[in-house]
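Please find below a colleague's note on the structure under review.

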Amino acid sequence: MISINRIHHIAIICSDYQRSKTFYTEALGFTLLQEQYRAERDSFKADLSLHGQYIIELFSFPDPPERPSHPEARGLRHLAFEVDDLDLTLEALHALNIAAEPLRIDAQTGKRFTFIADPDYLPIEFYEK
């Protein structure tokens, strides 16, 4: 069995970045921790917290399609779960015949992560503590 600690974050790709940022910060009370423009993707990324806890990554991408199942579409981007040991998680996934994408490294934190898909192809990320 996989040992999940907690939900790590929720990533959302929006159709109107400024409108969504205003909604999450002013209407819902999230705090903007940091914001960056990623020129190589023509994309903004905002990290939002609630009561001091990092919860949401808000993204913009040029002309995101409606969500069929692709991870870079408008709406919920993926669910992310924190795990203590990504290698053990991958072993458990493999034992369950669940395919994982190749490991990636978060450029901001240096932490390892990977993605799987649920039965409806919703992207799920496992992010190492």
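This is a predicted model: local features need pLDDT of at least 70, side-chain atom pairs count only at pLDDT 80 or more; totals for chains, interfaces and linings use all residues.

1. The largest pocket. Its volume is about 730 Å³. A total of 32 residues line this pocket, and those closest to its centre are Glu 57, Phe 59, Arg 77, Asp 106 and Phe 113. By class, the lining comprises 12 nonpolar, 12 charged and eight polar residues.

2. Strands in the lining. At least two lining residues come from each of β1 (4-14), β2 (31-38), β3 (43-50), β4 (53-60), β5 (75-83), β6 (104-105), β7 (112-117) and β8 (123-128). The greatest contribution to the lining of the largest pocket is that of β7, which supplies four residues.

3. Glu 57. This residue belongs to strand β4 and is among those closest to the centre of the largest pocket. Is Glu 57 buried or exposed? Its relative accessible area is 9%, and because buried means under 20%, Glu 57 counts as buried. Its side chain makes a polar contact of 3.3 Å with the side chain of His 9. Neighbours within four places in sequence aside, Glu 57 contacts His 9, Ile 10, Ala 11, Ile 12, Lys 45, Ala 46 and Asp 47.

4. Ile 56. Strand β4 also holds Ile 56, a residue that is buried at a relative accessible area of 5%. Residues up to four places away in sequence not being counted, Ile 56 touches Ile 10, Ile 12, Tyr 24, Phe 30, Ala 46, Asp 47 and Leu 48. As for Thr 89, which lies 33 residues from Ile 56 along the chain, the C-alpha atoms of the two are separated by 23 Å.

5. Aromatic pairs. The description of such a pair rests on the distance of the ring centres and the angle of the planes. The whole structure contains eight aromatic pairs. In one of them, Phe 23 and Tyr 24, the ring centres are 5.3 Å apart and the planes stand at 85°, so the pair is edge-to-face. Tyr 24 also pairs with Phe 30, again edge-to-face, at 6.0 Å centre to centre and with 75° between the planes.

6. Which of the residues Tyr 24 and Phe 30 are buried? Both are, and for Tyr 24 the relative accessible area is 16%. Phe 23, by contrast, is partly exposed, with a relative accessible area of 42%. Tyr 24 and Phe 30 were also listed among the residues that Ile 56 touches. Elsewhere, one aromatic cluster is formed by Tyr 17, Tyr 37 and Phe 44.

7. Positive phi angles. A negative phi is found for most residues other than glycine. His 51, although not a glycine, has a positive phi of about 55°. Where is His 51 placed? It sits in the loop between β3 and β4, and it counts as exposed because its relative accessibility is 78%. Asp 63, likewise not a glycine, has a positive phi of about 50°. The loop between β4 and β5 holds Asp 63, which is exposed at 73% relative accessibility.

Key: Residues are numbered from 1 along each chain as its sequence is written. Side-chain values use heavy atoms; hydrogens and water are left out. On a 1 Å grid over the protein atoms alone, a cavity is a set of points where a 1.4 Å probe fits but cannot get out, and a pocket is an open set with protein on both sides within 12 Å along at least five of seven lines; lining residues have an atom within 4 Å of a point. Grid points are joined across faces, edges and corners, and a volume is the space filled by probe spheres set on the points. Ala, Val, Leu, Ile, Met, Phe, Trp, Tyr, Cys and Pro count as nonpolar, Asp, Glu, Lys and Arg as charged, and the others, Gly among them, as polar. Buried means under 20% relative accessible area, exposed over 50%, partly exposed in between (1.4 Å probe, protein chains only). A polar contact is a pair of N or O atoms within 3.5 Å; within protein, one must be able to donate a hydrogen and the other to accept it, and residues adjacent in sequence count only if both atoms are side-chain atoms. Contact means heavy atoms within 4.5 Å. Rings of Phe, Tyr and Trp (its six-membered ring) pair if their centres lie within 6.5 Å; planes under 30 degrees apart count as stacked, over 60 as edge-to-face and the rest as tilted.
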